[in-house]
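Colleague: Before I use the names in this model, I would like to know what each of them rests on. Please show me the chain.

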Amino acid sequence: MSDPASSATAARFRAAVEAATTTGDLSGFSGLFLPDVRLYSPVSFKPFDGEEMVLGLLGVLVRTFEDFRYIGTFTGEAATSRDQESPASPADVLLFRATVDGKEIHGMDLLHFDQTGLIKEITVMVRPQSAVQTLGQAVLRGLVEAGLVPAE
């Protein structure tokens, strides 16, 4: 079931990612997220909580990915990780390809929307395992450099 508000937000998210990967400008993400948005990453067991942390991570990702491109979209409904017992909410899956440190990554962004069309949860999945490891190392370096997590 397609929801016009969430479809418009998904299109804006896609455009923001595509613009940020070429320019580094994150302003296109403005107004897309709930303040308590949550992002589940393939490189961390703990989710990234809150708009500030999610934007920080997105900034690291757009600097980390090379040759990033979306290759497809699916629209439907799904329960979020936080709201597993609740009815499903509108959701879009954006399929992508990218390169990180010479490794080809196949991935998808699962976007969950609230009733107004804002993004309340993002789950990012990538494959293969070797790419997940490479991405994890690159993202950790970027998070430390950005001051978003302490150095180990």
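Modeller: E5 and strand E6 (residues 119–127) run antiparallel and are joined by 8 bridges. This is a predicted model, in which local features need pLDDT of at least 70, side-chain atom pairs count only at pLDDT 80 or more, and totals for chains, interfaces and linings use all residues. Residues are numbered from 1 along each chain as its sequence is written, and side-chain values use heavy atoms, with hydrogens and water left out.

Colleague: Why are E5 and E6 called paired strands?

Modeller: Two strands pair if DSSP finds at least two bridges between them. E5 and E6 have 8, so they pair. One of the bridges links Phe 113 to Ile 119 in E6. Strands (E, at least two residues) and helices (H or I, at least four) are DSSP runs, numbered from the N terminus.

Colleague: What lies between E5 and E6 in their hairpin?

Modeller: There are 5 residues between the strands, and Gly 117 has a positive phi near 95°. The hairpin of E4 and E5 has 2 residues between its strands, with Asp 101 in the turn at a positive phi of about 50°. E4 (residues 89–100) and E5 (residues 103–113) are antiparallel over 10 bridges, and Ala 91 has His 112 in E5 as its bridge partner.

Colleague: What makes the pairing in the sheet mixed?

Modeller: The open sheet has 6 strands in the order E2-E1-E6-E5-E4-E3. E1 (residues 33–40) pairs with E6 in the parallel sense over 4 bridges, whereas E5 and E6 are antiparallel.

Colleague: Why is H2 called oblique to H3?

Modeller: H2 (residues 51–64) and H3 (residues 129–145) pack at an angle of about 125°, with their axes 9 Å apart. Angles under 35 degrees count as roughly parallel, over 145 as roughly antiparallel, 65 to 115 as roughly perpendicular and the rest as oblique. The angle of about 125° therefore makes H2 oblique to H3. Axes are lines fitted to C-alpha atoms, for helices over the stretch in contact, and angles run from 0 to 180 degrees between N-to-C directions.

Colleague: Which residues of H2 and H3 meet?

Modeller: Leu 57, Val 60, Leu 61 and Thr 64 in H2 meet Leu 135, Ala 138, Val 139, Gly 142 and Leu 143 in H3. Contact means heavy atoms within 4.5 Å.

Colleague: How do you know that Phe 65, Phe 68, Tyr 70 and Phe 96 form a cluster?

Modeller: Ring pairs link them, and rings of Phe, Tyr and Trp (its six-membered ring) pair if their centres lie within 6.5 Å. The structure holds 8 aromatic pairs.

Key: Phe/Tyr/Trp six-rings, centres within 6.5 Å; stacked < 30°, edge-to-face > 60°.
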